[in-house]
Amino acid sequence: MAAVLLKTENLTKVFNPNRVPVHALRGISLTIHEGEFVAISGKSGCGKSTLLSILGLLDTPTSGQYQLCGADLAQLSGYQKAALRNRHIGWVFQNFNLINDMTVAENVMLPLKYNQAWPKSTYTERVNKVLNDVGLDDKAGAYPSELSGGQQQRVAIARALITEPDILLADEPTGNLDSQTEQAIFSLLSDLHRRGVTILLVTHSRNLAQQCQRILTISDGTLVDAE
C-alpha cells in the first residue's frame with residue numbers, strides 16, 4: 001500500500017471561542033496516501049478552505065491530531081512547522097498570489113530561497129523545468145499583468161512544484177477562471193498527477209470533483225461522505 005502522507009483524527013476548528021463561537025470544523029478524520037488525487041467538495045462556507053489551511057500548516061486546529069509525512073504537528077515549534085511546510089507542501093491559491101513587479105521566472109524561483117535543499121546553482125535549471133512542465137517556457141521574462149488568468153494560474157502551479165513537494169494543495173484553483181480555462185487547468189493538474197504528483201483539491205465544482213480519484217464531502221464542518 002502507498003505511504004500515508006497526511007492523517008487527521010477528530011480535527012476541530014473553533015473561531016471566536018471566547019465570544020460567539022463559530023465551529024468551522026467538527027471532528028474531521030481523514031487519510032491521504034501518496035499518489036492520490038483527492039477532491040474536497042462542499043458548499044461555500046462549509047469548512048473546505050479552513051481544513052486545507054490547517055493541512056497546509058497555514059493555520060492550527062483547536063483540537064485533534066494531525067500528522068504530516070510521519071511528523072506529529074502538535075510536537076513541533078512554529079519554526080519547525082514552517083520548515084516542514086517548505087519541504088513537503090506546494091500551495092496553489094484561487095487568486096494566484098503572484099508578485100506583480102517580479103517576472104514569471106522570479107515568482108517561480110521564490111520558494112527555492114526558503115528551501116535549503118536546492119543550491120543556487122540549480123535555480124535556473126529548476127525554473128526552466130517547471131515552466132516547461134506547465135507549458136510556459138516562453139514566458140519566463142514576462143510579468144503577471146501580461147498574462148491571462150489561466151497563464152497566471154499555470155505560473156502559480158509551477159511555483160508550487162519548484163521544490164518537488166510531497167503533496168500539492170490547491171484551494172479553488174479554477175474559481176476565478178471561465179469554464180474553458182477551468183478545464184484546461186484541471187487537465188494540467190491531472191497530467192501532473194499521472195506523473196506522480198499527489199494532489200488535494202478543494203473545489204465547489206461537482207463536475208471537477210467527480211473527475212478526481214476520490215471525493216471527500218464536507219457539510220457544516222463535518223465530513224459527511226467519502227467516495
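Author: What follows concerns helix H4 and then the pockets. The model is a predicted one. H4 comprises residues 123-133. Its buried residues are Tyr123, Arg126, Val127, Val130, Leu131 and Asp133. Viewed down the axis of H4, these buried residues fall within an arc of 155°, so they line one face of the helix. Thr124 and Glu125, on the other side of H4, are exposed. The cover over the buried residues of H4 includes helix H3 (104-109), H5 and helix H6 (179-194). After H4 comes Gly135, which has a positive phi, near 75°.

H4 also takes part in a pocket. The second largest pocket holds about 280 Å³ of space. Among the 15 residues that line this pocket, Leu161, Glu164, Pro165, Arg195 and Val197 are the closest to its centre. H4 supplies the largest share of the lining, four residues. By class, the lining of the second largest pocket divides into six nonpolar, two polar and seven charged residues.

The largest pocket may be set beside it. Its volume is about 430 Å³. Of its 16 lining residues, Asn86, Ile89, Trp91, Pro111 and Arg159 are the closest to the centre. Helix H2 (78-88), strand E6 (89-92) and helix H5 (149-161) each contribute at least two residues to this lining, and the largest share, three residues, comes from E6. The lining of the largest pocket has nine nonpolar, five polar and two charged residues.

Note on methods
Residues are numbered from 1 along each chain as its sequence is written. This is a predicted model: local features need pLDDT of at least 70, side-chain atom pairs count only at pLDDT 80 or more; totals for chains, interfaces and linings use all residues. Side-chain values use heavy atoms; hydrogens and water are left out. On a 1 Å grid over the protein atoms alone, a cavity is a set of points where a 1.4 Å probe fits but cannot get out, and a pocket is an open set with protein on both sides within 12 Å along at least five of seven lines; lining residues have an atom within 4 Å of a point. Grid points are joined across faces, edges and corners, and a volume is the space filled by probe spheres set on the points. Ala, Val, Leu, Ile, Met, Phe, Trp, Tyr, Cys and Pro count as nonpolar, Asp, Glu, Lys and Arg as charged, and the others, Gly among them, as polar. Buried means under 20% relative accessible area, exposed over 50%, partly exposed in between (1.4 Å probe, protein chains only). The arc is that of the directions from the helix axis to the C-beta atoms. Contact means heavy atoms within 4.5 Å.
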